[in-house]
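The sequence and structure come first.

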Amino acid sequence: MVWKLEELACAEFPCGCGRVHKVPIKRIRLSRGAIGCLEEDVPEMGLTGTALIVADETTFEVAGREVESTLQQMGIPAKTVILRPRHSFTPSHWVLADERSLGEVLIRLPDNGGFLVAVGSGTINDITRFVAHKTGRPFICIGTAPSMDGYASTVAPILTGSFKKSMPATCPTAIYIDPDILAAAPQEMAAAGFGDIIGKSIALADWRLSHIINGEYYCPVIASIVEQVLSQVLEDVSALSTGDPDALLRLAEGLILSGVAILMFGDSRPAAGAEHELAHFWEIKGLERGRLCYHGDKVAIGTLIVTEIYQRMLALEPKAFDWEKVYAERLPLAQYKQIVQQDFAEAWEALYSPHWDKLKNQELARRTGELVVPNWNRIQEEVPKSLLPIDSIREYLSVLGLCQNPQELGIEKEWVEAGLRSAKEMRPHRYTIMNLAAEMGCLETIGGEIVQKIFG
Ligand SMILES: [Zn+2]
Ligand SMILES: [Zn+2]
């Protein structure tokens with residue numbers, strides 16, 4: 001079955017997995033002239049009152065102005081807030097989802113009712129969805145670049161100080177994407193979107209792995225959506241490299257579909273695994289230094305590294321392990337905690353909760369061999385299905401001009417080492433290949449080999 005994004009708008013269906021899946025987005029329009037559909041959709045969706053359009057200078061020019069005039073012609077009062085970049089970060093022309101941007105939107109928000117319109121990609125949507133959530137207003141999204149899969153998201157990463165915290169937010173009532181607007185965005189944004197999607201190869205493998213080892217809930221329908229997104233986008237690599245608007249539209253569709261899979265699941269499990277944990281860890285390190293780069297660029301590097309981890313892990317023979325020795329050599333909690341604390345530095349305070357100790361104690365006592373040995377054949381057969389050969393990933397990245405080495409993105413050797421040790425604590429409940437490698441006593445060796453290979 002091929003999933004059509006526009007048909008998933010407003011979908012609600014009981015699934016073979018035992019749950020009812022819901023997609024609360026009322027309209028998803030992906031076509032030339034999509035903004036023109038506002039005329040029909042806004043009254044139908046029951047949106048009334050003043051519209052506050054949130055944009056930056058560029059997105060206002062490429063789409064915001066048209067949104068503003070379309071709404072005004074409909075008799076809807078529309079105001080626009082144009083957010084400014086924070087120059088203390090590099091690159092200095094990026095708007096950040098920080099206290100200042102949130103404050104600017106809140107100050108301009110009409111007192112009573114109305115709705116918000118995000119015109120932009122990642123950050124503009126994060127800011128808008130967060131304010132929409134906090135003020136109980138609906139918002140609609142006019143996507144301007146296929147750069148990440150957060151368009152349909154219900155969380156917003158908000159920067160406070162130099163730490164990005166994932167905050168509850170609202171998903172959009174409607175999403176509008178016009179391929180001609182996408183084609184006007186810098187090519188590197190589409191490349192970043194591709195990077196976010198190639199990471200799904202790992203996310204799917206990690207989810208399957210945890211399903212087999214831990215009996216974690218798994219929905220084949222949601223997994224099939226993410227699989228479709230991945231295979232479609234891989235077919236489009238060369239068209240994307242030439243900026244073909246139809247391929248860009250399919251990439252945007254894939255990114256939104258991935259977001260819809262997240263909505264259906266209830267969190268990002270189907271679309272984010274160990275590769276995202278590494279990417280988020282490096283982001284923390286970059287922010288501490290005031291350095292920014294696209295999320296998808298980091299996910300692509302994470303995907304290369306975690307694919308290597310998978311290759312090495314899947315070649316092991318767990319039944320030949322001396323498991324009692326593995327259990328005995330695990331670090332005591334206090335020692336492990338100290339290492340993680342050092343690796344995260346200032347960010348640890350924001351991540352740590354007392355529940356963490358309890359969870360880690362359970363992990364340290366886990367008799368992993370009893371879970372892995374009887375399931376190893378199944379793991380070797382089912383888990384690699386979504387994984388890609390490293391050479392193919394490198395080829396895709398090079399066609400799209402994406403970095404293949406952490407150094408090119410300013411990711412330092414120490415960050416890679418620390419990430420391989422501790423990034424799995426970004427989301428301690430999400431079981432990935434890095435957790436399994438740690439429990440099997442292999443993470444340090446495998447991580448060391450990979451760092452050696454990259455940095456020499
Ligand atoms: Zn299901
Ligand atoms: Zn992502």
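Helix H13 has 20 residues, which at 1.5 Å a residue should span 28 Å; the C-alpha atoms at its ends are 28 Å apart, so expectation and model agree. The model is a predicted one. Of the 20 residues of H13, 17 are buried, so the helix is largely enclosed by the rest of the structure. Helix H12 gives a similar picture: its 15 residues should span 21 Å at 1.5 Å a residue, and the distance of 22 Å between its end C-alpha atoms agrees with this. Here 13 of the 15 residues are buried, so H12 too is largely enclosed by the rest of the structure. Just after H12, Gly-290 adopts a positive phi of about 75°.

His-276 belongs to H12 (residues 274-288) and His-295 to H13 (residues 295-314), so the two histidines tie together parts that are 19 residues apart in sequence. His-276 has a relative accessibility of 6% and counts as buried, while His-295, at 22%, is partly exposed.

**Domains**

The domain assignment divides the chain into domain 1 (5-185) and domain 2 (191-455). Taken over C-alpha atoms, the centres of the two domains are 28 Å apart. Contact between them involves 38 residues of domain 1 and 40 residues of domain 2. About 3,300 Å² is buried between the domains, and carbon and sulfur atoms give 73% of that area. Leu-5, Asp-149 and Phe-163 supply 20% of the area that domain 1 buries against domain 2, more than any other three residues. The interface is crossed by 2 salt bridges. Asp-149 also forms a salt bridge with Lys-200, with the closest N and O atoms 2.7 Å apart.

Thr-59 is a residue of helix H3 (residues 57-73). Its relative accessibility is 8%, so Thr-59 counts as buried. Leaving aside residues up to four places away in sequence, Thr-59 touches Gly-64, Val-119, Gly-120 and Thr-144.

**Salt bridges**

The whole structure holds 31 salt bridges. The table lists some of them.

| Pair | Closest N to O distance |
|---|---|
| Arg-291 and Glu-412 | 3.4 Å |
| Glu-317 and Lys-319 | 3.5 Å |

The pair of Arg-208, in helix H8 (residues 200-214), and Glu-382, in helix H19 (residues 376-382), links distant parts of the chain, 174 residues apart. Are its members buried or exposed? Arg-208 is buried, with a relative accessible area of 16%, and Glu-382 is buried at 16% relative accessibility.

Arg-291 is partly exposed, with a relative accessible area of 31%, and Glu-412 is partly exposed at 24%.

In the remaining pair of the table, Glu-317 is partly exposed at 48%, whereas Lys-319 counts as exposed at 67% relative accessibility. Elsewhere, Arg-27, Arg-29, Glu-40, Asp-41 and Glu-44 are joined in a network of salt bridges.

Notes
Residues are numbered from 1 along each chain as its sequence is written. Chains are lettered from A and ligands numbered from 1 in the order in which they are written. This is a predicted model: local features need pLDDT of at least 70, side-chain atom pairs count only at pLDDT 80 or more; totals for chains, interfaces and linings use all residues. Side-chain values use heavy atoms; hydrogens and water are left out. Helices (H or I, at least four residues) and strands (E, at least two) are DSSP runs, numbered from the N terminus. Buried means under 20% relative accessible area, exposed over 50%, partly exposed in between (1.4 Å probe, protein chains only). The expected span of a helix is 1.5 Å times one less than its number of residues. Domain bounds come from an automatic or database domain assignment. Contact means heavy atoms within 4.5 Å. Buried area is the accessible area (1.4 Å probe) that two parts lose on being put together, summed over both. A salt bridge is a side-chain nitrogen of Lys or Arg within 4 Å of a carboxyl oxygen of Asp or Glu.
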